[in-house]
Amino acid sequence: MPPKLISDAKRRTHPLVWLAALLCTVVSIAVIIGGIVVFIGYLVIHPRIPTISILDAHLDNFQIDIAGRLEVQLTIVVEAKNDNAKAHASFSDSSFFLHFLEIKIAQLVADPFEVKKNSSMKFHYAVASNSIPLNPEQMETVDYDLKADLSPFTLIGNTRVQWRVGLLGSVKYECHLHCELKFHPSNGTYLRSPCSSRVK
């Protein structure tokens with residue numbers, strides 16, 4: 001028979017192992033409690049992301065002279081909306097560029113502002129461009145737009161939003177706005193199309 005090894009030595013767990021296990025348990029419990037608190041807070045507060053959108057617009061002037069210079073005037077109404085019932089929202093670094101035929105016509109900006117809980121704020125922009133020289137291809141496009149009675153513009157930009165979600169802390173993010181604005185040059189009517197900002 002093969003010899004049997006008999007040992008009276010008792011194995012003891014090192015204190016550091018017990019300490020590590022205790023720390024892991026405490027951290028796990030803290031994470032679980034934190035998750036429960038966040039979940040309950042979300043259900044109670046039900047936070048909603050504030051947005052920027054185009055509320056209305058009008059093409060006040062759209063004409064081209066014999067020399068091929070385009071003159072444009074528009075009125076654009078931008079709305080900042082905060083649907084949170086328990087939190088104010090702060091907007092800053094708001095900057096939007098208006099383009100036509102990939103030509104930058106104007107920049108729309110706003111100083112930092114705050115929208116109270118469950119409310120909105122409107123900004124009326126009167127945009128008047130300088131005479132824009134067009135190349136033959138662009139002149140042909142404008143002529144086509146006038147005959148079709150449809151002129152598209154593009155408004156692109158960003159704004160920074162900050163709002164506090166109760167005890168969960170402050171939330172900051174940048175939202176991006178990219179809208180195509182279509183008008184009837186004959187009477188300046190804006191073809192309404194829903195367009196709101198998205199989180200970038």
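Modeller: A cavity is a set of points on a 1 Å grid where a 1.4 Å probe fits but cannot get out. The model discussed here is predicted.

Biologist: What is the volume of the largest cavity?
Modeller: A search of the whole structure, with a threshold of 30 Å³ or more, returns 1 cavity. Its lining includes Ile52, Val78 and Ala110. The volume of the largest cavity is about 30 Å³.

Biologist: Which elements give two or more residues to the lining of the largest cavity?
Modeller: The lining consists of Ile52, Val78, Ser94, Phe96, Ala110, Phe113, Phe123 and Tyr125. By class, 7 of these are nonpolar, 1 is polar and none is charged. The elements that supply two or more lining residues are E3 and E6.

Biologist: How do the elements of the protein run from the N terminus on, and how many helices and strands are there?
Modeller: The protein contains 2 helices and 11 strands. From the N terminus, the order of the elements is α-β-β-β-β-β-β-β-α-β-β-β-β.

Biologist: Which residues have the most contacts inside the largest nonpolar core?
Modeller: In soluble globular proteins, nonpolar side chains tend to be buried together. Here 34% of the 200 residues count as buried, and the largest nonpolar core has 41 residues. The residues with the most contacts inside this core are Ile54, Leu74, Ile76, Phe153 and Leu181. Among the elements that give two or more residues to the core are strand E1 (51-64), strand E2 (69-82), strand E8 (151-164) and strand E9 (170-184).

Biologist: With which residues is Ile76 in contact, leaving aside neighbours within four places in sequence?
Modeller: Ile76 is one of the residues with the most contacts inside the largest nonpolar core. Once neighbours within four places in sequence are set aside, the contacts of Ile76 are Ile54, Asp56, Ala57, Leu98, Leu108, Phe123, His124, Tyr125 and Leu181.

Biologist: Is the disulfide of Cys179 and Cys195 left-handed or right-handed?
Modeller: The sulfur atoms of Cys179 and Cys195 are 1.9 Å apart, and the two residues form a disulfide. Cys179 belongs to strand E9, whereas Cys195 is in the loop between strand E10 (189-191) and strand E11 (198-199), 16 residues apart. Because the torsion about the S-S bond is about -95°, the disulfide is left-handed.

Biologist: Is Cys195 buried or exposed?
Modeller: The cut-off for a buried residue is under 20% relative accessible area. Cys195 has a relative accessible area of 15%, so Cys195 is buried.

Biologist: How far apart in space are Val115 and Ser90, C-alpha to C-alpha?
Modeller: Val115 is found in strand E5 and counts as buried because its relative accessibility is 1%. Its contacts beyond four places in sequence include Ala80, Phe91 and Met121. Val115 and Ser90 are 25 residues apart in sequence, yet their C-alpha to C-alpha distance in space is 6.4 Å.

Biologist: Is Glu102 buried or exposed?
Modeller: Glu102 lies in the loop between E3 and E4. Although not a glycine, Glu102 has a positive phi of about 65°. The cut-off for an exposed residue is over 50% relative accessible area. With a relative accessible area of 80%, Glu102 is therefore exposed.

Biologist: What is the relative accessible area of Asp149?
Modeller: Asp149 is placed in the loop between helix H2 (136-148) and E8. The phi of this residue, which is not a glycine, is positive and near 55°. Asp149 counts as partly exposed because its relative accessible area is 22%.

Notes:
Residues are numbered from 1 along each chain as its sequence is written. This is a predicted model: local features need pLDDT of at least 70, side-chain atom pairs count only at pLDDT 80 or more; totals for chains, interfaces and linings use all residues. Side-chain values use heavy atoms; hydrogens and water are left out. A nonpolar core is a set of buried Ala, Val, Leu, Ile, Met, Phe, Trp, Tyr and Cys residues joined through side-chain atoms within 4.5 Å. Buried means under 20% relative accessible area, exposed over 50%, partly exposed in between (1.4 Å probe, protein chains only). Helices (H or I, at least four residues) and strands (E, at least two) are DSSP runs, numbered from the N terminus. Contact means heavy atoms within 4.5 Å. A disulfide is a pair of cysteine sulfur atoms within 2.5 Å. On a 1 Å grid over the protein atoms alone, a cavity is a set of points where a 1.4 Å probe fits but cannot get out, and a pocket is an open set with protein on both sides within 12 Å along at least five of seven lines; lining residues have an atom within 4 Å of a point. Grid points are joined across faces, edges and corners, and a volume is the space filled by probe spheres set on the points. Ala, Val, Leu, Ile, Met, Phe, Trp, Tyr, Cys and Pro count as nonpolar, Asp, Glu, Lys and Arg as charged, and the others, Gly among them, as polar.
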